[in-house]
Every structure is written in C-alpha cells, then in structure tokens.
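Here is a friendly briefing to read with the structure open beside you. Take it one topic at a time, and find each part in the picture as you go.

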Amino acid sequence: MPDSIIDLRSDTVTRPTPGMRAAMQAAEVGDDVFREDPTVNKLEAKVADLLGKEAALYVPSGTMSNQIGIRAHTQPGDELICDVNCHIYNYEAGGPAVLSGVTCRTIDGDYGIMDVTQLEGKVRPPDDHCVRTRLVCLENTHNRGGGRLYPLEKIQAIAAWTRKNGLILHLDGARLWNATVATGIPLKEWASYFDTVSVCFSKGLGAPVGSALAGPREFIVKARRIRKLFGGGMRQAGVLAAAALYAVENHIERLAEDHANAQVIAQAIMDTPGLRLTPPEVDTNLIWFEVDHDLGTSKDVAAALKAKGVLVQASGPQKMRACTHLDVSAAQAVRVAETIRSTVGQTVGA
Ligand SMILES: Cc1ncc(COP(=O)(O)O)c(C=O)c1O
C-alpha cells in the first residue's frame with residue numbers, strides 16, 4: 001500500500017512496526033502443541049494477569065476465540081443471548097450453529113448495548129420443547145454499534161442477572177484495550193464481571209495475528225482441547241506471540257491517539273451535509289456513519305474518497321465505517337477530514 005493512501009477500512013490493516021518485527025525475529029520458540037513455546041507461555045501468562053483470570057489461551061483469531069468459548073460453555077441444543085448486531089451473531093459464519101449446535105436469541109440493543117430489562121423473561125423454561133438458555137455474550141467496544149463503550153453499570157446489572165439465573169457470561173473484548181484507554185477503567189475491572197473474555201491483538205494493537213481467550217484454569221484446559229479440534233493448535237507460534245507481547249507492552253496507551261484522530265474525522269463527518277454519524281457520538285476508534293440518498297450510496301462515497309487516496313468501508317447500502325489505528329498519524333487524520341469536507345457533497349451525487 002503506497003504511503004499516500006490512508007487506509008481506514010479496518011483497524012486490522014496495520015503492518016508490524018520495526019520494533020515488533022525485531023521482537024518476532026528474536027522470539028524464543030518451541031512446539032506450542034507440546035506447550036513448549038516459551039513466548040506463547042509468556043503471552044498467555046501476561047494476558048491472564050492483565051485480565052485477572054487464572055489462565056489464557058493464545059489462538060489464531062478472534063472468531064476462533066469466541067467460538068471456542070461458546071463450544072466450551074455449551075451443549076448442542078443450548079441457546080445463547082446476544083445483541084442483534086454483535087460480531088458473534090453476524091460475522092462468524094454461523095459459528096454457534098455450525099460448531100456448537102447452539103441457537104442465538106438476539107436482542108435489539110441500543111447501538112449494541114443491551115439493558116438488563118431487555119433480558120428479563122428471556123430464560124427458557126425447563127420444558128422439553130425448549131432450547132436451554134445457557135450463555136450471554138456481550139461485545140465491548142461494540143463494532144457495529146459504532147465502537148461504543150458498554151457502560152460499566154449496564155455490565156454490572158447484566159452480570160448480576162446472569163448469576164441469578166445460573167447463566168454464563170462471555171465477553172467478546174476484541175477491542176477491550178480501547179475501552180480501557182477511553183475510560184481509564186482497568187482491564188481487570190472490565191473483565192471481572194465475565195466468566196470468560198476474548199481479546200484480539202490484531203486490531204488496534206497492531207499485531208499481525210492472534211487473539212486470546214481467558215478464564216478459569218479448568219475452562220482453559222477444555223478450551224485447549226477444542227482449539228485442537230478446530231485446527232487452531234500451532235507449533236512454533238512464538239514468532240507470532242512475540243508480536244502480540246510487543247503490542248501489549250507497547251501499543252495499549254497509544255490507542256488514545258487513535259481515539260483523538262477519530263474525533264478529528266468524526267467532526268468532518270458531522271460538518272458535511274448528507275453524512276450522519278451513527279451513533280451520533282464517537283467513543284473510540286471506530287466511526288460509523290450513514291450517507292443520505294441524495295448523496296448517492298456508500299459505494300459512491302467510498303469511490304470518491306478512494307480517488308483522493310482515502311479508503312473507507314462501505315458496510316451497507318448507505319452505511320460506512322472508518323477506523324483509526326496504528327498506521328494512521330494525526331497529520332493523516334487531518335488530511336482525511338479535509339478530504340471528506342472537500343470531496344463529499346461536491347463530487348458525489350452532484
Ligand atoms: C468485535 C469483534 N469480535 C471478533 C472479531 C473477530 O476477529 P478475527 O477477525 O480475528 O476473527 C472481530 C473482527 O473484526 C470484531 O470486530
């Protein structure tokens with residue numbers, strides 16, 4: 001990708017920094033399926049510690065992490081409850097059904113945020129006709145919800161409700177790092193309300209590969225076996241884990257820059273007639289917005305911006321997403337804002 005192109009399509013498009021590559025090159029490795037990779041072991045211990053959980057498991061992707069969690073927590077014929085726009089339900093290729101025989105009961109959250117009152121009465125009765133309600137999954141920050149932060153008190157209320165009803169609570173925390181930096185609430189505090197937590201190293205933290213699933217030690221033993229079943233057992237994975245360790249040690253605090261850059265771009269969107277932030281506030285590094293029909297479609301806007309060297313994602317006929325990340329500087333965010341102001345509405349749909 002030439003440096004003149006600013007790629008905001010996803011926060012997964014980052015490339016390893018020189019420091020990260022050096023850490024990968026120097027990584028001590030062994031066979032991780034034999035549990036002999038010291039770098040993977042170190043990463044797993046570090047993540048468990050950061051999240052205040054007994055153990056963690058390094059896995060190739062956020063999708064695998066969530067799906068291992070679901071498989072380990074459930075039996076075929078169980079049901080999980082989640083927001084209708086969450087990643088687990090929309091973007092994991094039907095994983096709960098395909099990999100675990102689990103149905104999803106979706107709740108219409110407020111930009112991804114569910115309120116405990118929406119869960120009241122959603123536990124199925126012990127009746128032979130019914131699936132068994134077993135698991136609740138939350139997402140923080142919420143991707144399709146516009147990078148929204150889950151208010152802590154809503155999590156606390158949902159956690160109390162799941163406990164009262166004998167259910168399990170899992171967090172898709174692909175971007176939990178962003179939530180911590182945006183709020184100052186420690187990772188451990190966020191994680192403490194959940195039985196299990198999945199985090200990604202390959203989003204804003206900038207590692208090329210990998211996620212981790214954290215939880216009780218016995219759960220992780222079970223999860224390790226399922227990782228093998230799903231084909232996620234890796235051998236000298238320390239080369240990859242070294243990048244994740246480097247990211248965790250060096251790239252968490254800097255997410256504040258991504259959040260500040262997102263505000264610059266969000267302001268340009270707010271200032272541009274025909275574009276509308278959805279939700280109207282940007283909490284972290286994801287900027288979701290909609291295009292009025294008189295400007296054309298999201299594809300038209302994406303094409304007009306691409307012609308000026310700015311890549312954004314057309315996520316629906318009128319829906320768009322732009323993400324700030326490690327490879328977008330403050331100066332580039334200003335350039336994006338200027339490009340939006342000067343391009344959209346001038347050339348698009350005119
Ligand atoms: C909220 C959320 N969860 C999970 C994932 C899955 O991660 P992966 O692409 O590593 O499978 C993503 C990916 O973008 C995500 O946004």
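E290 stands opposite K319 in strand 13, where strands are DSSP runs of E with at least two residues, helices are DSSP runs of H or I with at least four residues, and both are numbered from the N terminus. The model is a predicted one, in which local features need pLDDT of at least 70, side-chain atom pairs count only at pLDDT 80 or more, and totals for chains, interfaces and linings use all residues. Residues are numbered from 1 along each chain as its sequence is written, and side-chain values use heavy atoms, with hydrogens and water left out.

**The four-strand sheet**

- Strand 10 and strand 13 are antiparallel partners, joined over 5 bridges; two strands pair if DSSP finds at least two bridges between them.
- These two strands sit in an open sheet of 4 strands with the order 9-10-13-12 and antiparallel pairing.
- Strand 9 (275-277) and strand 12 are the edge strands, and each pairs on one side only.
- Helix 13 packs on this sheet, where it touches strand 10, strand 12 and strand 13. The direction of helix 13 makes about 35 degrees with that of strand 13; angles run from 0 to 180 degrees between N-to-C directions, and axes are lines fitted to C-alpha atoms, for helices over the stretch in contact.

**The two sides of helix 13**

- Which residues of helix 13 (residues 298-306) are buried? They are S298, V301, A302, A304 and L305; buried means under 20% relative accessible area, exposed over 50%, and partly exposed in between, with a 1.4 Å probe and protein chains only.
- On the face turned away from the buried side, helix 13 carries the exposed residues K299 and K306.
- The buried residues of helix 13 pack against strand 10 (286-291), strand 11 (310-311), strand 12 (313-314), strand 13 (319-323) and helix 14 (330-343). Contact means heavy atoms within 4.5 Å.

- Another open sheet has 7 strands in the order 2-8-7-6-5-3-4, and its pairing is mixed.
- Its edge strands are strand 2 (55-59) and strand 4 (103-107), each of which pairs on one side only.
- From one strand to the next, the twist averages 20 degrees.
- Strand 5 (residues 132-139) is mostly covered, with 6 of its 8 residues buried.
- Strand 5 pairs with strand 3 (residues 78-83) in the parallel sense over 5 bridges. In this pairing, E79 has T133 as its bridge partner, and C82 stands opposite C137.
- Strand 5 also runs parallel to strand 6 (residues 168-173), joined by 5 bridges, and L138 stands opposite L171 there.

**Helices 3 and 10**

- Helix 3 lies across several strands, including strand 7 (196-200) and strand 8 (211-215), and runs at about 30 degrees to strand 8.
- Helix 10 packs on the sheet too, touching strand 2, strand 7 and strand 8, and its direction makes about 15 degrees with that of strand 2.
- Two packed helices are described by the angle between their axes and the distance between the axes.
- Helix 3 (residues 62-73) and helix 10 (residues 217-229) pack at an angle of about 120 degrees, with their axes 9 Å apart.
- Among the residues making this contact are M64 and I68 of helix 3, and F219 and I226 of helix 10.
- The residues of the contact divide into 7 nonpolar, 2 polar and 3 charged. Here Ala, Val, Leu, Ile, Met, Phe, Trp, Tyr, Cys and Pro count as nonpolar, Asp, Glu, Lys and Arg as charged, and the others, Gly among them, as polar.

**Two threonines to find**

- Is T180 buried or exposed? T180 counts as buried because its relative accessibility is 14%.
- T180 is in helix 8 (residues 176-183) and, not counting residues up to four places away in sequence, touches I185, P186, L187 and W190.
- T17 is in the loop between strand 1 (6-7) and helix 1 (18-26).
- Leaving aside neighbours within four places in sequence, T17 is in contact with Y246, H251 and L326.
- T17 and L326 are 309 residues apart along the chain, and their C-alpha atoms are separated by 9.2 Å.
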